[in-house]
Structure formats: C-alpha cells, structure tokens
Amino acid sequence: MTSVTIDVNGTSQTRQVEPRLLLVHFLRETLGLTGTHVGCDTSQCGACTVRLDGAAVKSCSLFAVQADGRSVTTIEGLAKDGKLHPMQEGFWEKHGLQCGFCTPGMIISACEILERNPNPTEAEIRQGLEGNLCRCTGYANIVKAVQHAASNMAER
Amino acid sequence: MAATERLFGSSIKRREDPRLITGKGVYVDDVKLPGTTYASFVRSPHAHARINGIDSSAARKLPGVVAVYTGKDLSAGGVKSLPVGWLLPNIKLPPHLPLAVDRARYMGDAVAVVIAESPYVARDAADLVEVDYEPLPVVTDAVRATQAGAPKLHDEAPDNVSFRWSLGDKDKTDAAFRGAARVVKEHLVNHRLIPNAIEPRAALASANPATGEIILWVTTQNPHVHRLLMAAFVLGIPEHKLRVISPDVGGGFGSKIFVYPEECAVTWASRTLGRPVKWTAERRESFMTDAHGRDHQTDAEMALDADGHILALRVKSTVNLGAYLSLFAPSVPTYLYGTLLAGAYTTPAIHVEVTGAFTNTTPVDAYRGAGRPEACYVVERMVDLAAKELGVDPVELRRRNFIGPDQFPYQTPVAVMYDSGNYAAALDKALEILNYGAFRREQDKLRQQGRYLGVGFSTYVEACGLAPSQVAGALGAQAGLYESATVRVHPTGKVTVFTGSHSHGQGHETTFAQVAADELGLPMEDIEIVHGDTGQVPFGMGTYGSRSGPVGAAAVHMSLQKIKDKGKKIAAHLLEASENDVVYEGGKFSVKGSPNRFKTFGDVALMAYLAHNLPKGLEPGLEAISFFDPGNFVFPFGTHIAVVEVERETGKVKLVRYIAVDDLGRVINPMIVDGMVQGGIVQGVAQALWEEAIYDENGQLVTGSMMNYALPKADDVVTAELARTETPTPVNPLGVKGAGETGTIASTAAVANAVLDALGPFGIKHLDMPFTPGKVWEAIRSSGR
C-alpha cells in the first residue's frame, strides 16, 4: 500500500491505496464518487473522463498514484453553490442525454473543448468528442448541447 | 383526450436529467452494500471444447478468495437451465446452464466463477483457475452448421437445427412466380452486430439468510420477467422472496432483456454464502456475452408484372442462433421478421422459410429492431433491385406498390393486420425536404466530375407493442404481452404512478408524468413515476419492442380513468349532486353548469382516505391498477432517405445527409421522440457502414473490443433532418405508436440503397454490408470501370 494525496473537487483526500488501483476506482470505490463511470477496458468510450490538473483524461487508464499531489475534477465537482455548470444546463436544455451513462464523461470532455476553443464549429465539436462514445443519442443533441453552452458561456 | 390537455405533445425537459448530469444517478455498479464480495467469471478461450477438469486449488489459496464454483457446484445446488420464452413447433431446446458443465460451446462461455473480497483479487484468482480443455471442431457460420459433416454442438439437435419455420401461402407464391413477367433474385447477408450499451451489464445479489429474502439489483429492461424466470425456472426459489431492482440503466437496445448466466450465478452464490455478491462486466465480457443481433443469410426473390407491380416475394433465411437459445431468440427471426415482409406494399403472395441454426458463437437475440430491421432490409433492397432491373425510378416503383390510405385496416399475406397508414404522404414530405429532382440533377453533374453521390430510400413499416397476449400465446410466447400500471393517489392529492414499463434512457419519468398530469389536470410536480422495482411495482412486462408508449402509457391512462371515476362518485356525494352531473376538469370536480360548486382533486383524495363521508358501500382509498392488453400491434411507418458520397480513390463512404419522416401516431414529447429517432438512425447507419462482428475460423471473436469493433463516433455522422406525419392509431386510447426502434429499422436499408445507387455507374448491383472502404474500393476496382 502507498499513500496518495489528491485534491478532488476542491477537497484534499489522503488515502492508502494499492499501487495498481486505477484512478477511476479510487474515485468510485475509495471516495464513493460514483458519477464517473466505467464503460470499457480499452480507453475508447470516455465514460470515465475527469479533469486532471485541468486536462481531460481517462481515469480508467491512470493509476491513483499517478494523480498523487495533483488535482482532479469529476462531474460531482462541476456545479457550484447549487448552480449547474453551463455545460450541464446545455445537456439538460438540449436533451443531450438519454440513458445518462456516458454523460458525465461527455460533459467533462465538452468543458475542455470549450476552454480550448470557446466558439467551436459543429465539426470542431464533433472532432473534440471523438474520445467519448454515446450509443443513445446519435450525438445530434450532444452537439446542440455544447453549442448551447458555448453561447451561454460567451454571454457571461 | 381531456379538454385540459396541455402537456401531451409538449417538449418538456426531462425530469431524469438533474441527477444524471450531476453524477447522482444510481446504476447497478454504484450500489454499495456492507460486506459485499465480488465475482469474476472464468470463461472459455475456446469456441468449442470439452472440459476434462477444473482445478481451482491455486485460486482458492489466494488471500481474499471466498469461494470458487463450477457448473457442477451449481447443478448440485439445484440450478437449472436458463429458460426459452418463445417456443416454435418442434423446436429443439438444448439446456443452457449458467456455468457450462463438460463442454464449452462459444468463446466466453462461463465455466467457473470466483468470489473474492475485492474485484481485483477476484480477477487475479480467475486467472489461477486451471481448466483442462480439449478443443473440438468449430463451426461459426449458420449455413455451414446445417450441412453434412459440420461439428455438432448439442445432442438434442444433431443437425444443429433448432427450428424450421415458415409463414405464408407457398402454393399461391409459387403460382405468382410462374406467371411473373420479371423475377429479381439476390443473396442478402444481414451481418452480426454487438449491441454495446455503454453501461456494461451488472448484478448485485444480497440474500438475507435470516429471512430468506433476496434483493437483486440487475441491469434489466424487464425486472418482473427476470424475477419470474430466475425464481421459477433457474434457481427454484419462491418468487415472492426475490426482489429485483433495475435502477438507472445505461442503455439496453434489447441486450438487457434476457436472463443471463451471470445474474443467476451471483444470486445463487449470495444465497449460498449469505453475503452480497456483485459482478460488473468488463467490456470484453460485454462483447463476448451480451446477446448479439441479426446474422441472417437470405435468398430473396421478388416477382413482378410487366408494369412493375409486385406479385410475390419468396424468402429463405438461415439465421445464426449462436451456441444456445437466448430467451427470445426463437421469436426474433420468425414472428418479428416474417410478419413484416409485406413492408408498405400490396404484395399479394409472400412465403418465408427460416432455419435457425446453432453455431459456436455468442447467442443471438433481440437487438434494437429485432427482426424488423432484417425484414425491412430484405424488402427495401429487393424493391431497389427490382427498380434497377425494370429501369424504373425507385421512388416510382415504391409508389406504384404502396398500400393506399383507404385500404386500412389492411390484412397482409403474412398474418398481421396493419392498423393505419398513409405511406405516400410520408414519402412526399421526405422528397420535398430532399428536393429529389434537384438532387438527381446534381448527382448527374457531379458524376461527370468523378464524384459519386447516391441516394437511398427506405419506405418502411414496422410493428411495435406486440399483442394481444392471446394471439402471442397461440404463436408460442411463454409470456403475456400486456402492461400494468398502478395509480396511487395519496391523501394530500399527490400521485404516484407505478409502471411495469422500464426506462433505460427513454424518459418515462417525464413522458408518463405528462400523460398523468394531463388526465388529472395536475401539475407534473404532483406526479411521481416509479418503475424498475418488483418490490414497488405490482407487475410488469418491461420495455422492449417499442412498447412503453403504446402499451405501458396506455395502461397508465386506463388506471387514471378509474381514479377519475371513483373520484366522481365521492365528489358527487360531497356536492350532493348526481354522479352523471359531475365533470372533472383542471383538477376540480364540479357540477355541470355550476362551476362554483366544486371539490378539488385534493379534497376528494383526502375524503377517500378519511372515509368520514363516502357514498354508501364505497371502499375508502383512491388507487387503481390496470392491465392493458392491446387488440393489435401498432404499425409506425415512414420514409427515410440517405445521401452518401463514395470516394472512388479510397472506397470511403461518407454520410452526407439523412432525412427521416416518421409517422409515430400521436407524440407525447417531441423532443424525446426526436432524440430516440436520431439515436436509432445512427445505430442503423452504423450497421450499414461500419459495425460488424467477425469470428475467425477457430471461433475467436476478432472484433472483441472497442478498438476493433467500429462503433460510430460523433465525427462519423450527421444530424438527421426530421419531420413527421401523424396518423393516430386506433389500437390504444392515446393514439401513440412506438418510437424507439424506427430509426434503426429504417436506416440500414436506406444507407445500403444509397451506397448501391452511388456505385451504379460502376455496374455494381449489390454488395453486402458493411460498406467498409476496403470492400467498396475492391468492388470498384473489380468493376473495371
């Protein structure tokens, strides 16, 4: 076992972990933050996407020890003071989800897309979401959700 | 409909979403219980092998391992075969044990299960279980499996055939072919697909040794069906002691209908150990063990007269069932397939023969559309091939053969009676969106420049809400196909609706509340929808075959009428009026002509529970249960148009445009329906262009992960242009048809027709899907043009 200290959604968390413990299992099993999902075992689906020091990463492909001393934001950390993040609002407003399983990872990735490019074209949004699979929506409303969020974030 | 109607037809934002967009949804793998142990399955790496022995001693010695069970342990513990829910005449039903005993029959067949204190230890220990396999000859192709000398899977089916089934008038069909001016023939392969709901299957069983009660959280589309089948057939435990909870479920597409080995094994293990046991599939397990879809090989022949009227259709399909019969496997390539072969056309004679064969592959069962996409593909491809053969525009040939709007109800030659339709109206609307004439001119122009655009049509008809139960039973269903709904009015006038339908993305918590709120004239906030828990919902058949709207919501509607009827009795008594003079509107029971003499819904609800002043003989309480068993299927229809461009140099097919005009009857929530249609279209497009399950000659699943099975990504597709016509169905009181599968049913054929249209200049008549660049490039190259 080894000790890790990871800032998760603004709270410092110190735990003893197995060196092989995946970051996603640290979040889900050790901390009980079950909003981050596991959809595959080959890092294709993106359901496990979280922000690691601001970068969107697949938490199924990192060990918890690799996040030691760093900061992680999960879907649970997006809403502030009971107010949804504009990206969350976009997904709700534009029906960007059906079963909701890919949604946390999708929202996290979409946030990063807008931080890199606040006013993306549809093609840029679609390219940006290549690492996240959705089986329900056909992506049409996810694209609209991201556009909605982009427009709202530009106004603020 | 009530005059107070206001939510029905509105794009209300979903009530499910606040929890799902904040990470507060609860899926099976999110449920945590103290003392939980974790299961990992040992699976056969061989597609076919004798099991000469299993040595689990090394696994048992690993610290943290609680138990290792084999198929023999389960059999000794009373575990029986998984059941089959649809029986055809003379069907062969070899047993399907949750853990294979003596022989593994497909790659991934579970042979043992390890239970440990942590999932990591369980996985480590599973690798330590030593199985002595003796590989046996393998057959993966269904046609090959039925031929002499093929390896045999089951003693019960020595020719690997589970069933031979036919439908339609053979003599009439043969006669029509003899008199035909033109006959078009083609061999059509509808290849195998892997469902890939993004949430892997999972099960958590918690048995209480003191009470004998078991709670099973499981990713199921039909929790009551799971409970009944597991209790009565597999585990032999009292049904009332098993509670099945299907919480938030991350997509199903059919793959979560069936009772699988894993939930049976963990439930048995939890009873045996007296501790909770959890299993969550890894994606590689989803690929290997979630029931696959499609896998038909078909010889189709269409007979036409000189004017292009279809005279007859003859279809012979050999369908791959996989290694075992999955729960509804027999119904999918038969009654859900053969009955749709008339399509939208007046074809007077149809005959279909289906042979269902066992092979050393993952079991095949219902996958989004289930039999209907296969039927649509046969019909719509054959119509296009006929149009080409006759030199008639494919739109014109369709129009010439459409069932007319004045011909409903329409009895097809393949058993079903279409309830309603106006096929030309949907086609016209779609053509208008496309601007067909302009498209053809543009296509010609671009061809001169070496660019190859194609347009494909699919003027589909599909069937949802399989019914009625009596007919389904006569055809072999081992279940009723009604749906139940309980409406419980609380003393404060708040309402809980318990539905037997199950939402795994469809948004019932919103749409069913819209229906209930409208009928009761109450705000949606006063209505709660409960589903997915056998401990709360009295009974249910679940969600598949696009049945939640036409059957499930209709059952809710029935119970609401009963609530209003009883409410009227109470209100009439309180208002000292005749029951016939009481009207209910806007949440108030009032006396006809005296709107100021009223009792609110809440007043009446309170009195129903106080029971201080009720009509003589009326029971207290305000609650109703209904079982809606529709008189028929409903038949959504429409026209889908795909526009593609084929790149000559690479063979790459690009989806350029997609237009869908669907008639789904009345629509409860257009936003939700459009969302399902968009998603369904992409799933069907993906079959035509990318997705394909491939086994090698040894039965190894080559496309066994998301790295080599081409699921559609955001960048691969376009947003479809959607429109609707609205022909309400008379089959249910809401006038709604199903909406969940139309996209998938229609789109595969539309894209295939578009690709072949684009390839017309190369003289390519037909290619089997998926139209991968290599295949298309090779076909262009071979054409020599």
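My entries on the chain contact and then on the domains follow.

I note that this is a predicted model, in which local features need pLDDT of at least 70 and side-chain atom pairs count only at pLDDT 80 or more, while totals for chains, interfaces and linings use all residues. Residues are numbered from 1 along each chain as its sequence is written, and chains are lettered from A and ligands numbered from 1 in the order in which they are written.

**Chain A with chain B.** I looked up the contact (C-beta atoms, placed from the backbone, within 7 Å) and found 42 residues from chain A and 43 residues from chain B. On the chain B side, helix 1 (17-20), helix 9 (283-289) and helix 18 (670-689) each supply at least two residues, and helix 18 of chain B gives the most, with seven residues; helices here are DSSP runs of H or I with at least four residues, strands are runs of E with at least two, and both are numbered from the N terminus.

**Domains of chain A.** I then found chain A divided into domain 1 (2-77) and domain 2 (86-155), with bounds from an automatic or database domain assignment. Their centres, taken over C-alpha atoms, are separated by 21 Å, and the contact takes 14 residues from domain 1 of chain A and 11 residues from domain 2 of chain A. Strand 3 (residues 49-52) of chain A provides the largest share of the domain 1 side, three residues.

Key
Two residues are in contact if their C-beta atoms, placed from the backbone, lie within 7 Å.
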